[in-house]
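Subject: Structure for your files, with notes

Hello,

Here is the structure I said I would pass on. My notes follow it.

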Amino acid sequence: MTCLPEITPGQKKLGLVIDLDTCVGCQACATNCKEWNSSGHSGPLPDLKPYSAGAEGVWFNRVHSYEAGEGADGRTVHFPRSCLHCETPDCVTVCPTGASYKRIEDGIVLVDHDICIGCGLCAWACPYGAREMDEDEGVMKKCTLCIDRIYNETIPEAQRQPACVLTCPTNARHFGDLGDPESDVSKLVAARGGQDLMPELGYKPVNKYLPPRKRSSAAATPQEAVPTAMDIKNPLLRWMDKVLTR
Amino acid sequence: MNPAPSIVFFTTASGAGYGLLFWLGLLRPLGIVPATPAFALVCLVLALLLITAGLVSSMLHLGNPTRAWRAFSQWRSSWLSREGVAAVVTYVPAIGFGAALLADLPGLATLAGLLAAVGAAVTVWCTAMIYASLKPIRQWHHPLVAPGYLLLAGYSGMALLAGVSALGGVVGGPASFIITLGLAALVLKLAYWRMIDGGDPVATAESATSLGFIGKVRPLDPPHTESNYLLREMGFRIARKHAASLRTIVLVGGFAAPILLALLATQIGGGVALPALALGALLALAGLLVERWLMFAEATHTVTLYYSGR
């Protein structure tokens with residue numbers, strides 16, 4: 001059913017909060033995502049020509065790097081991009097088959113690979129490039145928020161988190177319920193001023209991006225230490241200084 | 001956007017077929033086209049051939065064509081699903097139209113023809129709305145896209161109808177329709193191109209990354225060194241100079257030449273009319289193939305903001 005579920009107040013909205021201040025662009029999240037999802041709910045995640053020129057494949061997480069700002073205010077920001085599990089995602093409503101759907105219980109946007117006809121319209125409808133076609137199976141694939149981890153009772157509770165969140169070495173990725181204002185992630189978003197991507201398109205992304213923190217103001221320009229004649233204790237050097245500065 | 005040949009052919013061929021079906025159903029009762037059942041049957045078969053060839057071609061675009069039947073289910077939200085339903089439903093009055101003609105039931109034929117005309121218009125509208133409803137692609141999410149699809153389907157359908165009418169000895173009415181529709185389509189395309197050339201982008205690299213508060217955002221390192229589905233499907237871009245020359249080809253070959261040939265057919269008539277209108281129909285269809293290819297090639301998707309910053 002590709003009509004969107006009705007949003008009720010307090011509805012669970014599972015999603016990610018990504019800290020652009022601490023992300024170092026190491027690609028660990030993308031790598032662990034690929035590893036887990038190659039064998040999980042969405043597996044296999046195919047690669048085309050993996051061992052030759054033109055190697056490419058389906059990934060749910062892509063880490064870009066940008067330069068923002070100019071001169072002394074400019075900075076490099078690493079930017080992981082994945083499905084934002086939007087509240088009003090057009091990728092769901094354009095689907096002609098009902099394969100693309102948004103779960104009412106937690107808001108996760110999923111694809112039913114047994115129904116998908118591979119028309120590709122959902123990928124066109126997504127402004128964020130979150131969906132990639134599995135050209136082997138002819139079906140669309142996307143981030144599942146590791147639905148096969150977060151509800152998986154066969155793994156220790158501490159590991160019931162998306163693979164990208166678990167693996168991040170700088171703790172730049174956080175997972176939780178963004179529909180609950182009291183959750184850790186909601187508090188983090190409130191404290192750090194979490195941002196939506198392309199809010200002007202009106203998709204209402206659930207995932208939030210924490211902006212890089214303001215840099216502390218630069219210290220006063222360091223001064224070169226220039227000794228005065230009185231500072232030079234050695235008489236020979238003092239004489240030389242006198243001669244040379246003449 | 002990548003101009004997939006299957007989709008370019010589908011929208012052009014089916015558009016012309018539905019246009020032909022529309023005008024046949026509408027103009028036959030008004031006596032503007034030949035009234036013989038043979039004429040209507042030739043037009044109907046031609047329309048259904050074009051429509052069906054287009055629909056089959058559109059299935060080639062699917063990753064899983066054998067599941068295509070599932071696309072009829074989500075008509076409540078999806079224009080693609082609505083298009084599928086409308087396309088299949090339109091076959092019912094269209095085939096009924098043919099059956100009534102063969103059974104010599106003129107009243108029923110007129111009714112079924114009118115219903116088929118409605119179905120044809122609805123189907124083309126649904127096709128257009130698939131594109132017009134996509135917010136990330138500003139050249140498609142544009143108020144002139146859906147009217148353009150209808151007008152171009154009507155124009156190419158009329159070009160075909162005039163060609164077949166000339167076979168039946170009727171030239172004036174359909175040819176004057178070609179001139180009117182062709183001029184309208186030409187003006188619409190010129191206005192559309194002017195608007196998409198000047199329009200503001202729907203989003204920027206700054207809003208796409210939420211980093212605008214720092215300053216201008218420039219891509220530094222891409223996430224992957226090779227291509228991917230997104231870049232092949234959404235990153236396709238045509239050089240501006242090629243777009244300009246292709247636009248000229250569309251304007252001259254697709255619109256101006258068929259209009260002039262229609263004028264020629266009405267003014268000179270006689271033996272000239274049939275070859276002029278037949279050539280005009282071929283030129284119109286070829287021109288629209290180029291127009292539809294450009295429609296894709298000139299469209300840009302917001303995902304490229306992440307890769308190229310524009």
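A word on burial before anything else: a residue counts as buried if 20 or more other C-beta atoms lie within 10 Å of its own, as exposed if 12 or fewer do, and as partly exposed in between, with C-beta atoms placed from the backbone. By that rule A:Met198 is buried, because it has 22 C-beta neighbours inside 10 Å.

This is a predicted model, in which local features need pLDDT of at least 70 and side-chain atom pairs count only at pLDDT 80 or more, while totals for chains, interfaces and linings use all residues. Residues are numbered from 1 along each chain as its sequence is written, and chains are lettered from A and ligands numbered from 1 in the order in which they are written.

Most residues other than glycine have a negative phi, and most peptide bonds are trans. A:Met198 has a positive phi, near 45°, and is not a glycine. A:Met198 sits in the loop between helix 6 and strand 11 of chain A. Helices (H or I, at least four residues) and strands (E, at least two) are DSSP runs, numbered from the N terminus.

In chain B, B:Asp104 is another non-glycine residue with a positive phi, about 60°. B:Asp104 is found in the loop between helix 3 (79–102) and helix 4 (106–132) of chain B. B:Asp104 counts as exposed because it has 9 C-beta neighbours inside 10 Å.

The peptide bond between A:Gly43 and A:Pro44 is cis, with omega about -10°. A:Pro44 belongs to the loop between helix 1 (28–37) and strand 2 (47–48) of chain A.

**Where the chains meet**

Chain A brings 52 residues to the contact and chain B brings 49 residues; two residues are in contact if their C-beta atoms, placed from the backbone, lie within 7 Å. On the chain A side, at least two residues each come from strand 4 (62–68), strand 5 (75–81), helix 2 (90–93), helix 3 (121–125) and strand 8 (131–134). Strand 4 of chain A gives the most, 7 residues. The side of chain A that touches chain B is made up of 27 nonpolar, 15 polar and 10 charged residues. In that count Ala, Val, Leu, Ile, Met, Phe, Trp, Tyr, Cys and Pro are nonpolar, Asp, Glu, Lys and Arg are charged, and the others, Gly among them, are polar.

Which strands form the sheet that includes both chains? An open sheet of 3 strands runs in the order 5(A)-4(A)-1(B), with antiparallel pairing. The twist from one strand to the next averages 40°. Axes here are lines fitted to C-alpha atoms, for helices over the stretch in contact, and angles run from 0 to 180 degrees between N-to-C directions. Two strands pair if DSSP finds at least two bridges between them.

Strand 4 of chain A pairs with strand 1 (residues 217–221) of chain B over 4 bridges. A:Ser65 stands opposite B:Asp221, and A:Ala68 stands opposite B:Val217. Strand 4 of chain A also pairs with strand 5 of chain A over 7 bridges, with A:His64 opposite A:Phe79. Those two strands of chain A form a hairpin with 6 residues between them, and A:Gly69 in the turn has a positive phi of about 80°. Strand 5 of chain A is largely enclosed by the rest of the structure, because 5 of its 7 residues are buried.

**A second sheet, in chain A**

Another open sheet has 3 strands in the order 10-1-11 (chain A), with mixed pairing. Strand 10 (173–177) and strand 11 (208–210) of chain A are at its edges with a single partner strand each, so one side of each has no neighbour in the sheet. Strand 1 and strand 11 of chain A are parallel over 3 bridges, and A:Val17 has A:Lys208 as its bridge partner. Helix 6 (residues 184–192) of chain A packs on this sheet and touches strand 1, strand 10 and strand 11 of chain A.

A:Gly15 lies in strand 1 (residues 14–19) of chain A. A:Gly15 is buried because 27 other C-beta atoms are within 10 Å.

**Chain B helices**

Helix 1 (residues 5–27) of chain B has 23 residues and reaches 32 Å from its first C-alpha to its last. Of those 23 residues, 19 are buried.

Regards

Methods
Expected span 1.5 Å × (residues − 1).
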